[in-house]
Every structure is written in structure tokens, then in C-alpha cells.
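Hi,

Here is the structure I promised to pass on. Have a look at it first, and my notes follow below.

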Amino acid sequence: MNFFGQPPSNRAAIHEEIFNIAYYGNGFTHNELYNMPLPLRRFYGQKLVDAKKEEKEVMDKATGKSSQISRPAFQKS
């Protein structure tokens, strides 16, 4: 029985998290993230998600898009 570390069933999720932070974060290597303590890696992952959401909001404002779809009101004749 393995008392330390993650079970093999979590391996894909762990490596996906590492890939996403390394690829989209532009600053960490795979080895740095793999050996990083989990709470710190989760912190950087959340910061990346927050930054990407903020970038999207800025881009949406710049292009005139909004996060909600507005539909024209129907006028009664």
C-alpha cells in the first residue's frame, strides 16, 4: 500500500496541471513544477486562471463584447 504521494489514477490530472502552468504560464519548467510543493503549484495555477480571466475581460471590453448576450426587446405593434 502506498501511503505517500498520489495514486496512479491521479497521474493524468497532475501532468495536465503541470502542462497547463508550464505552457500558458511562460516561466516555469516541467521539472520545477513537478518538484514544487502542491500548495504552491495550486497557488500558481489559480493565479494563472485569474490572469487569463482578466485578460479575457479586457479583450471583451476592447472589442465591444460583453459576457452576457443581450437580445433586442420585442416591440408591440
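Let me start with the pocket. H1 gives the most to the lining of the largest pocket, with four residues. This is a predicted model, where local features need pLDDT of at least 70 and side-chain atom pairs count only at 80 or more, while totals for chains, interfaces and linings use all residues. Residues are numbered from 1 along each chain as its sequence is written, and side-chain values use heavy atoms, leaving out hydrogens and water.

The lining of the largest pocket consists of Gln6, Pro7, Asn10, Arg11, Ala13, Ile14, His15, Tyr34, Met36, Leu38, Arg41 and Arg42. Two or more of these residues come from each of helix H1 (11–25) and helix H3 (38–62); helices here are DSSP runs of H or I with at least four residues, numbered from the N terminus. A pocket is an open set of points on a 1 Å grid over the protein atoms alone, where a 1.4 Å probe fits, with protein on both sides within 12 Å along at least five of seven lines; lining residues have an atom within 4 Å of a point.

Next, the loop between H1 and helix H2 (30–35) holds asparagine 26. Asparagine 26 has a positive phi of about 50° although it is not a glycine. Most residues other than glycine have a negative phi.

Finally, leucine 33 touches Ile18, Ile21, Ala22, Phe28 and Arg41, leaving aside residues up to four places away in sequence (contact means heavy atoms within 4.5 Å).

Best wishes
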